[in-house]
Structures are given as structure tokens and as C-alpha cells.
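Open the model in your viewer and keep the selection panel at hand. Each stop tells you what to pick and what is there.

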Amino acid sequence: MSTPDIALPLSPSELGVPSVPGEATGHGEGGPAPKRIVVGYGFWIFLLSDIIMFSAFFATYAVLAGATAGGPGAAQLFDLRNVQIETACLLLSSFCCGIASLAVEQRYARLTQVALLVTGLLGLAFLTLEIREFAGLIARGAGPSRSAFLSSFFALVGCHGAHVSAGLLWLGTMMAQFYAKGFRADICRRYLCFSLFWHALDIIWVAIFTFVYLLGAGT
Amino acid sequence: MNDIAAQNFRGGAGDLAPGQSHESPKSFAAGLGSYLVGLALAIGLTLASFWAAQTHLIYGPGVVAALVTLAIAQMGIHLVFFLHITTAPDNTNNVLALAFGILIVFLVVTGSLWIMANMNHMSVPMDELMRMQP
Amino acid sequence: MFGNLTWAAIPFDQPIPLYSAAVVGLMVLAVLAWVVIKGHVPYLWREWITSVDHKRIGAMYCMLALLMLLRGFIDALMMRSQQAVAFHAAGYLPPEHYNQIFSAHGTIMIFFVAMPFMIGLINYVMPLQLGVRDVAFPTFNSVGFWLTAAGALLVNISLVVGEFSRAGWLPYPPLSELQYSPGVGIDYYLWALEISGAGTLISGINLVTTILKTRAPGMSYGRMPIFCWTALASNLLIVAAFPILTATLAMLLLDRYLDFHFFTNAAGGNPMMFVNLIWAWGHPEVYILILPAFGAFSEIVSTFSGKPLFGYRSMVVATMAICVLSFMVWLHHFFTMGAGADVNGIFGIMSMVIAVPTGVKVFNWLFTMYRGRVRFSTAMHWAVGFMVTFVIGGMTGVLLAVPPADFVLHNSLFLVAHFHNMVIGGVLFGAFAAYEYWFPKAFGFKLHERLGKAAFWCWFTGFYVAFVPLYAVGLLGMTRRLQHYDQPEWHPWLLVAAGGALLIFCGIALQATQLIVSIRSRRRLADSTGDIWDGRTLEWATPSPPPLFNFAVMPDVRGEEPYWGMKRKAIEAMQLSAEPSYEAIEIPRNSPTGFVTAFFAFILGFGLIWHIWWLVVLALIGAYATFVVFAWRDETESVIPQEEVARIDRANRAARALALTEMTA
């Protein structure tokens with residue numbers, strides 16, 4: 001059924017087909033991709049949509065950054081020392097997540113759980129610092145209701161924090177699943193998705209500490 | 001999609017999932033290298049960012065450009081060393097999707113900034129407008 | 001205990017919503033009672049509600065859309081009749097109610113008619129056209145559908161409990177802020193759209209992954225049917241644009257619930273930022289709606305002209321160009337709102353540029369028909385009607401894209417007529433054409449042709465009679481959303497427009513009749529082979545309706561045009577190709593995850609709207625629990641035995657062999 005006996009007129013759909021089936025062209029003529037690729041790619045697309053959502057919050061922050069309504073601005077409010085520690089926590093957390101990925105690949109059960117635990121604890125440390133920062137700002141009368149600048153700050157950084165929180169909940173569930181069911185194929189695929197998520201959150205944090213904190217505190 | 005069907009074909013053979021660095025797992029130590037290098041570079045660039053924001057050694061208006069460049073570099077480090085995004089043909093779909101996302105982010109952010117700046121320039125300031133209310 | 005919810009939420013003092021809610025409520029109860037008493041619940045639960053089959057989910061999306069079309073159309077009838085009588089008079093709809101009606105009309109038509117119909121269509125047809133068994137994430141697909149349904153339910157509940165938004169289908173601040181809209185209306189709107197928006201995003205991710213990563217062996221990008229290309233572009237736009245909607249509505253929610261100041265008048269807020277962001281979503285949204293319709297028309301025109309689509313590659317390029325360009329024109333929705341001439345000029349030019357790829361498509365359809373043997377089936381009627389109507393609407397759009405012209409016409413009925421021209425002429429006509437075209441594939445019998453053509457003519461003439469007067473009255477200066485008016489020049493036009501709405505009502509009535517008559521005559525109208533229109537793409541290789549697993553053996557399209565080449569070979573050789581070797585097929589198991597998630601989403605939305613915080617917490621816990629239960633599943637697939645696969649496929653092969661002998665005899 002592969003080559004027609006009757007010569008059909010050359011149609012555009014026949015152009016550009018590689019002669020060797022299955023070669024890595026990204027063109028997908030080899031048939032449906034294995035599940036790992038399908039799941040990973042689908043989650044990648046979700047991550048891109050999430051990044052676009054963050055960009056809407058970033059755009060709003062950029063537009064409203066000057067609208068302090070006579071209240072405190074970035075230079076008065078941001079504690080860069082705190083941001084440095086938060087950044088370190090998240091970066092190390094990302095690294096541990098990578099260690100856990102390697103451990104999952106090699107099926108080292110104990111190392112997986114330890115690495116995941118450290119990832120989670122570092123993430124929790126990040127979150128604690130951030131909540132403390134928010135509480136401090138609110139106590140100083142610089143809560144989100146004070147001005148549009150603060151509203152957009154709390155929303156952007158808060159959105160990132162909400163994603164981290166959801167990630168920690170997911171991480172806990174993943175640890176339970178690895179413990180209960182071992183290194184089953186679908187659980188490993190889910191871990192691939194989690195690691196994509198966690199690394200992406202660190203990428204977004206780079207944008208936040210650069211454009212919100214560093215640029216803000218500098219003005 | 002089930003694995004039996006996928007195994008019947010050399011399906012999408014050679015394509016890599018995002019976050020996957022190779023078809024079959026190498027040893028732990030070999031994979032560790034990538035993460036260690038990424039961590040070192042990221043730490044270096046992060047420290048550079050914090051330093052650049054506070055130093056007086058960089059020409060004032062150039063600080064913004066420096067920070068933007070460092071941020072992009074840090075994101076690139078994450079993408080290459082932690083997410084294993086490469087330019088090889090088995091990563092084409094992943095890169096294309098990423099490029100599309102970046103394009104949209106660029107359009108939304110710069111478009112919004114341009115439009116809103118233009119409007120703010122042309123509009124009466126809000127507090128003045130409120131004072132004009134009867 | 002119940003937050004802000006009291007008995008006062010039920011509109012006892014407003015007869016129209018009260019009686020309509022009562023009537024609808026009784027109808028719903030009657031249907032539910034009939035279903036339960038006749039014992040259909042196990043079947044519905046097993047085969048539809050918990051189904052993860054893309055065909056079932058696609059059909060449910062379309063059913064939801066058609067149902068909500070009725071609700072949205074009734075709103076339209078009310079608006080037209082109110083404007084027909086409210087000349088120097090108050091009409092029969094008080095302003096607070098009229099405002100809710102036009103807001104509900106727009107919201108329902110865009111989010112719960114047009115979107116679900118297009119997504120449902122793609123869901124049903126695209127995997128069949130790609131030659132695969134299901135979408136990439138079947139259970140997720142079910143979640144996406146049920147979340148959309150939960151959003152629709154929230155909007156409809158607002159008729160009975162509380163009120164709906166009065167701020168139009170896009171709730172501009174500061175009107176939509178808490179200070180000027182203290183009721184629950186805006187909150188119903190916001191939560192319904194956040195929930196259904198999540199469902200839509202899930203769909204987008206699912207369908208993009210399916211098209212890019214799961215296709216039959218040999219199906220390169222250049223062999224993909226054009227409908228799948230437009231589905232890809234549309235879903236890429238969903239993935240890119242809906243996050244912006246989610247973020248923007250979330251900001252408005254934060255303003256309303258937690259006293260943030262994104263868009264308020266006070267404390268430095270900027271209402272224009274809402275307008276900017278919402279249209280950065282809003283413009284891609286209309287391309288999300290129209291691209292699948294373009295794809296459907298491409299398939300229909302090609303099939304009923306008996307020729308391959310003219311200029312396939314230029315169609316693909318035009319589609320992907322539209323995909324990218326749609327993110328570069330959004331300011332044309334607010335030319336009048338204070339940006340300078342340079343900004344207005346650039347976006348105006350881009351708006352004209354984006355008309356070019358669409359023009360390329362129209363020419364390609366015309367050239368496909370040229371020198372073809374055109375069969376004017378009902379679907380083809382809709383296609384030709386679309387070409388005429390959409391081009392006219394497009395021309396008024398290019399007119400509006402000129403900023404100085406837009407300054408005169410913005411927010412007039414001219415604008416209203418323009419976008420209805422595009423959405424009805426493009427999206428709705430496309431939906432109806434696709435409905436006629438793919439109904440036999442989905443249900444095994446075609447729709448009654450003559451009733452379908454009569455319905456088309458009522459819709460077509462009704463559309464022009466209803467909306468051309470609106471162009472006129474817009475040029476005469478009438479603004480949109482007027483509950484009453486005093487200009488005598490407007491009155492006759494609005495009377496004619498009301499007549500047009502009645503003509504459209506006749507069209508809808510004929511479509512309902514067509515469905516009933518077709519069901520009753522289904523044996524006479526049956527599709528025995530699965531290829532009732534002499535189609536060119538792979539979905540016509542399956543029986544009608546396709547079995548659960550779609551293809552007994554996954555088609556290998558290496559070396560030939562999908563299906564058309566196979567068919568030509570069989571006809572030349574006067575026999576079908578050799579029987580394939582059958583194997584057992586694994587299919588994903590049904591799951592109540594989607595339905596249960598949506599149930600908790602509905603409870604969550606309702607609790608948030610009425611500030612019933614314990615209900616919110618309960619719903620969040622329930623949603624998380626559902627996720628954990630789903631994640632903990634050990635059995636994810638069930639197996640269809642080889643004998644069953646063989647039996648179904650052999651039956652279809654026999655029917656096709658019979659048709660082949662009858663053809664060549």
C-alpha cells in the first residue's frame with residue numbers, strides 16, 4: 001500500500017516528504033509520537049500560555065509602575081537583601097529539581113525523595129520570605145489598596161508566589177506517588193512536567209527580580 | 001494515544017520532549033555536569049545583576065541595558081542547562097513553540113507600553129479629570 | 001451562613017425574568033424527569049457524561065452551542081422588538097433589564113455558542129482527518145468541555161438567582177468596578193468566563209499537541225487537510241490569547257474583591273489598560289472563531305466541486321499569516337480612545353494588511369469552484385452565502401479600519417452591523433455548513449436537504465433584512481445599546497430590522513424541524529458506506545458513525561494523498577485493497593474526572609459570587625481531591641478485542657464493496 005501503481009498527478013501534498021521515514025525532522029511523519037514526547041510537549045505548550053499570562057501582568061506593572069498616588073514607591077519599599085536570599089533559594093531549588101530528574105532517570109528511589117524534599121523545603125523558604133515581605137508591606141500601609149503601583153506589584157509577584165504554592169502542593173503529591181507506586185512510566189512523565197514547571201518558575205523569577213526589584217529599587 | 005500503537009511505528013523518532021536531554025539515560029555523573037555548569041553560570045550572572053544595579057561603575061542609563069542583557073542570559077542558561085533546549089533538529093518543535101511564545105510576549109508588552117504611553121501623553125491626568133467633575 | 005445570598009436574589013418583582021426562568025426551569029425539570037424515569041441515566045453516564053472519546057465530546061460541545069444559540073437568539077429578539085417599539089416610548093423592557101439582555105446576548109453568543117461550536121467541530125473531525133484514534137489528552141478533553149458547560153450554567157443561573165452584568169459583553173471599567181456595579185452581575189460574568197476560559201485553554205493545549213505530535217504515519221505537514229491547518233492556527237491563538245483574558249479578568253476581580261486599583265478612577269488606576277488588554281485578547285479571539293470556519297469551507301468547497309483545493313500552500317501560508325498578524329491589530333477596537341495619530345495610523349494600516357490573506361482565501365475558494373463539477377448541496381449553499389456575506393462584512397471592516405472614518409462610526413449601529421456581518425456570515429454560516437456536512441459522519445444519516453435549503457434562505461434573507469437597516473441607521477447617527485430613542489428617521493429602519501429577526505426565527509424553526517424530520521426518516525436518509533459526499537479526506541474512510549477506535553488499522557498515508565488516492569486506486573482496480581490483519585486495540589478508559597471537576601468549579605464560582613466562603617473552601621478541596629483520585633488511577637486503558645475490531649471493519653468493507661459494485665455496474 002506504499003507506492004501507487006497508477007501514476008497520480010503530482011500534488012502539493014507530495015512535496016517535501018523525506019525519503020527516509022522516521023528520521024528526526026520534527027515533521028512527524030513517523031506516526032504518533034511516544035507518550036513521553038506527547039505529554040512533555042503538551043505541558044510545554046501550557047507553560048508558554050502561562051508565560052503569556054505573566055506577560056500581561058508584567059505589562060500592567062510596567063504601565064502602572066509610576067502610579068504611586070502620592071504613596072511610597074519602589075525605592076522606599078524594596079529590600080534587596082531579602083530578594084537576594086529569595087533568588088538563592090529558588091535557584092538552588094531548581095538545581096535540586098534537576099538532581100531529582102537525574103535520580104528518577106537512574107531509578108534511585110532514596111536520592112529522588114531526598115532531592116525532592118530539599119527542592120520543596122527551599123521552595124517553602126522562598127515562599128515564607130515572600131509572605132513575610134508582603135505582610136511587612138501591608139503593615140506599613142503599603143498594601144495593594146494603597147495605589148495602582150502596589151496593586152500591580154502584589155498581583156505580579158503574588159501570581160508567581162501562587163504558582164510556587166501550587167507547585168509545592170504538586171511536589172508533595174509527586175513525592176507521595178513515587179513512594180506509593182515507584183517509578184511507573186506515567187509517574188515519571190508527570191515528573192518531567194513538574195520539572196518543566198519548576199524551572200519555568202525560576203525563569204519567571206529572573207524577570208521579576210530584574211525588572212521589578214532591581215530596576216524599581218534603582219529609580 | 002497508547003504506547004502499543006506508538007511502539008508499532010518508529011513514531012516521531014528522534015524527537016525529544018522538552019526537558020529531556022537524550023533518548024536513553026546516560027549515567028548520573030554525566031547528566032550532573034550540565035546542572036552543575038548551569039548552576040555556576042546562573043549564580044555568577046545573578047550576582048552580576050545585583051552588583052550592576054547598585055554599582056556606580058556603569059554609566060547610569062546603561063544600567064537598564066546591562067540588567068536586561070543579564071536577565072536574558074540567565075534565562076538562556078536555564079533553558080539550555082536545566083531544560084535542555086538545543087538547536088538540534090530533534091528539538092525543532094520545542095524551539096518553534098518557544099519562539100512563538102516569545103513573539104507574543106514581545107508584542108503584548110511593547111504594544112501595551114507604546115499604546116498606554118501614547119494615551120497617557122494625550123490624556124488629561126486622572127486626578128485633574130476627577131477635579132473637573134461637577 | 002450564605003454570604004450575600006438571600007431570597008431577594010430571586011426576581012419576584014420582575015415578571016419577565018421570573019416567568020421566563022419559570023418556563024425554562026419547568027422544561028429542564030421535565031426533560032430530567034423523562035430521562036430518569038425512562039431509565040436513560042446509566043446509558044447517559046456511561047456513554048456521554050464520563051466519555052473521553054473525542055467524538056462524544058465534540059458532539060456535546062456542538063449540542064451545548066446550539067442550545068445556547070436559542071437563549072442568545074431570544075435575547076436578540078427581545079432587543080430588536082424593544083428597539084422597534086421604543087420610539088418616543090419606554091418599550092416593554094426597563095433599562096436595567098435591557099442592559100442585562102444585551103450583555104448576556106453578546107457574552108453567550110461569543111463564549112457559549114461560537115467558541116464551543118468551533119471547538120466541538122475541531123474535536124470531532126480533526127483526529128479523524130489526521131488518522132488517529134483520539135486527541136493527545138482524552139481525559140483532559142473531557143475536563144475542558146465540562147468546565148465550559150459549568151461556565152454556561154453559571155451565566156444561565158444568573159437569570160434565576162441574582163442578576164447578570166449590565167456592562168456589555170466586555171465589561172469596561174470604571175462601570176464594571178465595584179463602585180458603579182455593586183451587584184453580583186459582573187461577578188457572575190467574571191467567574192463564568194474564568195472557569196470556561198480555563199476549559200478553553202485546556203482544549204487549546206490538547207488540540208495543538210494532537211496536531212503537531214500525533215498524526216498517521218506518512219502524514220507530513222504538507223499532507224495535512226486544510227481544516228487541520230486552520231485548527232492548528234486557531235488553537236495556537238487560543239493558547240496565546242486566552243491567558244491574557246484570564247489575567248485581565250483576574251485583575252478586575254482583584255479590584256472588585258480585594259480593593260486593588262488596577263482600573264479604578266482613584267489611587268492611580270488606569271481604566272484604559274483594561275480596554276487595551278482585553279482587546280489584545282479580543283482581536284485574536286475573533287480569528288480563533290473564524291479560522292475553523294475557513295477550514296470547514298475549504299473542505300466543503302473542495303468536496304462539492306469535485307476538485308482538490310486550489311492553492312493549498314497559499315492557503316496554509318495565509319492561515320499562518322493571519323495567526324501572527326492577528327496579534328498586531330488590536331488597537332482598532334479603540335481608535336477613538338485617545339492614542340495619537342501615529343499609533344492609530346499604524347494599527348489602521350495593519351488592520352488593512354490582515355484583510356489580504358483572507359482575500360487570498362476567497363480567491364482560492366472561487367478558483368476551486370471554477371471548472372469544477374459543483375453540486376449545490378445545502379452545505380454548499382451556506383458556503384456560497386458565506387462568501388458573499390463575509391466579503392461584504394470585510395469591506396465594511398476595511399472602512400472602519402480607517403481611523404477618521406472610525407471616529408464617526410465607532411460604537412454606532414454601523415459597527416454592530418459590521419461585526420454581526422462577520423460573525424454570522426462567517427462563523428455561524430460556517431457552523432451550519434459544517435453541521436450539514438459532517439452530521440452524516442457523526443450520526444449515520446444525513447439531514448433533510450430541502451428543509452435545510454429553506455432554512456438557509458430564511459437565514460440568508462433574514463440576515464440582510466435584519467442588519468442592512470442597522471448599517472443605515474448607524475450612518476444616521478444611532479449609537480449602540482439604546483433602550484429608547486427619539487429620532488423619527490431611525491424608526492422605520494428598526495422596524496424592518498425587527499422583521500429580519502423574525503425571518504431568522506423562521507430559519508431556526510426550519511432547522512429544528514429539519515432535525516426532527518431527519519431523525520424520523522433516518523433509515524431513508526442513511527449513510528451506508530461512510531462516504532456520503534464522495535469526500536477527499538480520511539474521516540470519510542471510516543464507517544458512519546465511526547467506531548470508538550476510529551480506524552481498525554491506523555492508515556498509512558505515505559506515498560499518496562490521504563483517502564482520495566486510496567479511493568481512486570480502489571475504483572480503478574474495481575476492488576477494495578486487501579483486508580488488513582486485525583489486532584486488539586487499547587483505548588483510554590472513561591472517567592468522571594471532567595464532570596466532577598466541573599461540578600466543583602461551578603460550586604466554587606457560585607460561592608465566590610455570593611461570598612459564601614465555606615463553600616469556596618469546600619470546592620477547592622473537592623477539586624484537589626478529584627485531581628488526586630485521577631492521578632492515583634492504576635487502570636487507565638481498556639482493550640477492545642480483536643474479534644470486535646474485525647467484525648466492525650468487515651461490516652464497513654462489505655458496505656463499501658457493495659457500493660463499488662453498484663458504481664461500476
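The tour goes from one chain to an interface and ends at a single residue.

This is a predicted model; local features need pLDDT of at least 70, side-chain atom pairs count only at pLDDT 80 or more, and totals for chains, interfaces and linings use all residues. Residues are numbered from 1 along each chain as its sequence is written, while chains are lettered from A and ligands numbered from 1 in the order in which they are written.

**Chain B.** The average is 83, and 86% of the residues score at least 70. Now select residues 1–13 of chain B: pLDDT is below 50 here, yet the stretch has 37 contacts in the model beyond near neighbours in sequence. A contact means C-beta atoms, placed from the backbone, within 7 Å. Where pLDDT is low, the predicted coordinates should not be read in detail.

Next, select 28–84 of chain B as domain 1 and 88–134 as domain 2; these bounds come from an automatic or database domain assignment. Their C-alpha centres lie 25 Å apart.

**Chains A and C.** Show the contact between them: 50 residues come from chain A and 53 residues from chain C. On chain A, pick α1 (35–64) and α5 (148–181), which each supply at least two residues of the side touching chain C. Helices are DSSP runs (H or I, at least four residues), numbered from the N terminus. The largest share of that side, 16 residues, comes from α1(A).

**C:V553.** Go to the loop between α16 (490–520) and α17 (564–573) of chain C, where C:V553 sits.

How values were computed: pLDDT is the predictor's confidence in each residue, from 0 to 100. Two residues are in contact if their C-beta atoms, placed from the backbone, lie within 7 Å.
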